[in-house]
Amino acid sequence: MYTQALDTHGKEPLPAGEGGAVAQRFQARVDADEKIEPKDWMPDAYRQTLIRQISQHAHSEIVGMLPEGNWITRAPTLRRKAVLIAKVQDEGGHGMYLYSAAETLGVARAELFEQLLSGAAKYSSIFNYPTLTWADIGAIGWLVDGAAIMNQIPICRCSYGPYARAMVRICKEESFHQRQGFEIMLTLARGSAAQRAMAQDALNRWWWPSIMMFGPSDADSKHTAQSMRWKIKRFSNDELRQKFIDITVPQAFFLGLAIPDRELHWNESTQHYDIGAIDWAEFHAVLKGNGPCNRERLEARRGAYESGRWVREAAAAHAAKERARTASTGGSTAQTGRT
């Protein structure tokens, strides 16, 4: 929808001496909360930052289908199976919205896929952890999707129009996913002793990876300051992390589950929850490809890509035949309704 005739818009070289003035006008538009559109001029660094962020977001949605898809055939009831299928389908749709938004910046979707499959592109570290029990599906919905919502709602006000508009629908759907996960955890927490233990175990394993989802601390984040100046981001990593903690800890108390952090306490002076030290060594190890499921996730995506090669080739061949047929008939094919 967005990609037609957009390959060169906003990239034309500026006349000598006008670069600074145009950059100032661009920043003034951002400061005034105007939306930047694909055909508008933008600094190349702004474009590249968006491509990096949007593509990582899209890759995360696609890879994020794998941990939950693993449980579709093992969901405990038909209702749970139907809901989980719908959720995994939503995640695939989110990835497609985001790839479309990235394409408006002049990057081909095939190039983004190649970056993911080669391991050159990053995706959220959270999806490199295994789903060992059904309770993990609840923990992912409650914690992972809850963290995603906290991170993504501000992006609905991102300065780049296509990204902001894509996020409106994504956030609406993610809110259902979060509720679904919390409902699973609530059912388990109110169940048998074995079910409560399963819920607690899932919380124990997913809590810290969820906290790490917001990225490195502000002091170590290379991109946050500039992204906030361009209003690609509205809050820093640590601000979003704190918001998530303050909202999620009372939810755990309601479930009757214990946050796996002995240093967790309410700070009266700041009116926030303080937590213990985050294991950033684990975070960086997973980002570098050394997490529990990094290799498994990429192998699954590569396998799916190769399995679908014949479909892509068949579609391309059909499209080529249609173009040739249209050219030979002077465009009458379109008038007959043939696609």
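**Entry 1: E37**

I began with a side-chain pair: E37 makes a polar contact with R165 through the side chains, at 2.9 Å. I noted at once that this is a predicted model. I then looked up where E37 sits, and found it in the loop between α1 (19–31) and α2 (44–63). Is E37 buried, partly exposed or exposed? I read a relative accessible area of 24%, so E37 is partly exposed. That follows because buried means under 20% and exposed means over 50%.

Next I listed what E37 touches. Leaving out residues up to four places away in sequence, I found M42, Y160, G161, P162 and R165. I also checked a C-alpha pair. E37 and Y163 are 126 residues apart along the chain, and their C-alpha atoms are separated by 9.7 Å.

I came back to R165 with charge in mind. Side chains of opposite charge can pair when their charged atoms come close. E37 and R165 do form a salt bridge, with the closest N and O atoms 2.9 Å apart. I placed both ends: E37 is in the loop between α1 and α2, while R165 is in helix α7 (residues 161–189). The two are 128 residues apart, so I wrote them down as a link between distant parts of the chain. R165 is partly exposed, with a relative accessible area of 41%.

I looked at K231 and D33, whose side chains meet in a salt bridge of 3.0 Å, N to O. K231 lies in the loop between α9 and α10, and D33 lies in the loop between α1 and α2. The pair therefore ties together parts that are 198 residues apart in sequence. I compared the exposure of the two ends. K231 counts as buried, at 16% relative accessibility. D33 is partly exposed, at 44%.

I then turned to D145 and K87. Their side chains meet in a salt bridge of 2.6 Å, N to O. D145 is in helix α6 (residues 134–152) and K87 is in helix α4 (residues 78–103). They are 58 residues apart, and the pair links distant parts of the chain. I found both D145 and K87 buried. I also noted a network: salt bridges that share partners join R29, E34 and D40.

**Entry 2: S236**

I moved on to S236, in the loop between α9 (224–229) and α10 (237–255). Is S236 buried or exposed? I read 6% relative accessibility, so S236 counts as buried. Which residues does S236 contact, beyond its neighbours within four places in sequence? I found D218, T224 and M228. With D218 there is also a polar contact, side chain to side chain, of 2.7 Å.

**Entry 3: helix α5**

Last, I looked at helix α5 (residues 109–118), and listed its buried residues as L112, L116 and L117.

I checked the face turned away from the buried side of α5, and it carries the exposed residues A110 and E114. What covers the buried residues? The cover includes α2, α4 and α12 (294–307). After α5 comes G119, and I noted its positive phi, near 90°.

Technical notes. Residues are numbered from 1 along each chain as its sequence is written. This is a predicted model: local features need pLDDT of at least 70, side-chain atom pairs count only at pLDDT 80 or more; totals for chains, interfaces and linings use all residues. Side-chain values use heavy atoms; hydrogens and water are left out. Helices (H or I, at least four residues) and strands (E, at least two) are DSSP runs, numbered from the N terminus. Buried means under 20% relative accessible area, exposed over 50%, partly exposed in between (1.4 Å probe, protein chains only). Contact means heavy atoms within 4.5 Å. A polar contact is a pair of N or O atoms within 3.5 Å; within protein, one must be able to donate a hydrogen and the other to accept it, and residues adjacent in sequence count only if both atoms are side-chain atoms. A salt bridge is a side-chain nitrogen of Lys or Arg within 4 Å of a carboxyl oxygen of Asp or Glu.
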